[in-house]
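Here's a quick tour for anyone meeting this structure for the first time. Have a look at the sequence and the 3D view, then read on.

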Amino acid sequence: MWPALVHRVVFVVGNVMRLLIVEDEPKTAELLKTALMKGGYESAFAVDGDSGLKQAVEGTFDALVCDIMLPKLDGLSLVRELRRRGIMTPVLMLSARGEVEQRVEGLDAGADDYLPKPFATSELLARVRSLLRRNSLKKAALLSADDLHFDPVTRETRRAGRRVELSSREALLLECLLKAEGAVVSRRDIISAVWEYDFDPGTNLVEVYVRRLRDKIDRDHAEPLIQTVRGLGYALRPQP
Ligand code: CA
């Protein structure tokens, strides 16, 4: 038991990237496994689309390498379903069919890159590296406070891992509070950021939207993040 435990700890400390490979052909799966191990990645396997989807949803992976033709659930449907659930793990699609339509279909479904089979190990590793690099840049652009994460580009919002659907005004309000990094934002600054008015229309617009946003991000959580600072405005930070 001890060696296994130590092994895990080393992986966590070393921050090894973990990939999920969804591939039904044993030969290709073996090839991928060897190549990715050489590249310094840890990998998990699924041999059909159903179990691939299950693992991708339940586990934490830095990227997926997914074949298109798979038993039970094809790779395109798998990626579509992942994206529908708000899971944005980068996906490299593999396919024996190198036609343009397949490539377009894969990218439309939400895949990030495409590699036709057969492939050279060096190209596979280069694609995986570039996928992970792009993803870490994307992650760096996220705005966060405590367990709340917001992507200003896609407006994807999550609290404690759960996806929150926001209207565009609500997203602008959240963005403006998050950008202040816990500092108080005045009503006037909120009005200017969310509605682009350079005056306070004197309505309860701000209060209404703050209430809506609270309903969505704070209601089911013990620690509310949106604080009212009487006479000054609002701040987004954990309660002192
Ligand atoms: Ca296949």
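The chain has 9 helices and 11 strands; helices (H or I, at least four residues) and strands (E, at least two) are DSSP runs, numbered from the N terminus. Keep in mind that this is a predicted model, where local features need pLDDT of at least 70, side-chain atom pairs count only at pLDDT 80 or more, and totals for chains, interfaces and linings use all residues. Residues are numbered from 1 along each chain as its sequence is written, and side-chain values use heavy atoms, with hydrogens and water left out.

**Overall picture**

- Along its principal axes, the C-alpha trace spans about 70 × 50 × 30 Å.
- The chain has 240 residues, and 42% of them count as buried (under 20% relative accessible area; exposed is over 50% and partly exposed in between, with a 1.4 Å probe and protein chains only).
- Looking at contacts (heavy atoms within 4.5 Å) with a separation of 6 or more, residues 24 or more positions apart account for 57% of them.

**The calcium site**

- Asp-24 (OD), Glu-25 (OE), Asp-67 (OD) and Met-69 (O) coordinate the calcium ion at 2.1 to 3.2 Å.
- Donors here are N, O and S atoms within 2.8 Å of the metal (3.2 Å for Na, K and Ca), and water is not among the atoms, so sites may look incomplete.
- Along the sequence, the donor residues follow the spacing D-E-x41-D-x1-M.
- Glu-25, in the loop between β1 (18-22) and α2 (26-38), and Asp-67, in strand β3 (residues 63-67), are 42 residues apart, and the pair links distant parts of the chain.
- Glu-25 is partly exposed at 35% relative accessible area, whereas Asp-67 is buried at 2%.

**The nonpolar cores**

- A nonpolar core is a set of buried Ala, Val, Leu, Ile, Met, Phe, Trp, Tyr and Cys residues joined through side-chain atoms within 4.5 Å.
- The largest one has 26 residues, and Leu-174, Ile-190 and Leu-236 touch the most other members.
- At least two residues of this core come from each of β6 (143-145), β7 (148-150), α7 (168-179), α8 (187-195), α9 (205-217) and β11 (233-236).
- The largest share, 6 residues, is supplied by α7.
- Leaving aside residues up to four places away in sequence, Leu-236 touches several others, among them Ala-145, Leu-148, Leu-174 and Ile-226.
- There's also a second, separate core of 22 residues, including Leu-70, Val-79, Ile-87 and Ala-109.

**Two crossing helices**

- The axes of α7 and α9 come within 10 Å and cross at roughly 85°; axes are lines fitted to C-alpha atoms, for helices over the stretch in contact, and angles run from 0 to 180 degrees between N-to-C directions.
- That makes α7 roughly perpendicular to α9 (65 to 115 degrees; under 35 counts as roughly parallel, over 145 as roughly antiparallel and the rest as oblique).
- Where they meet, α7 brings residues including Leu-173, Leu-174 and Leu-177, and α9 brings residues including Val-210, Leu-213 and Ile-217.

- Most residues other than glycine have a negative phi, and most peptide bonds are trans.
- The peptide bond from Lys-117 to Pro-118 is cis, with omega near -5°, and Pro-118 is in the loop between β5 (113-116) and α6 (121-140).
- Lys-72 has a positive phi, near 70°; this residue is in the loop between β3 and α4 (75-84) and is exposed, at 68% relative accessibility.
- Ala-160 also has a positive phi, of about 50°, and is found in the loop between β8 (157-159) and β9 (162-164).
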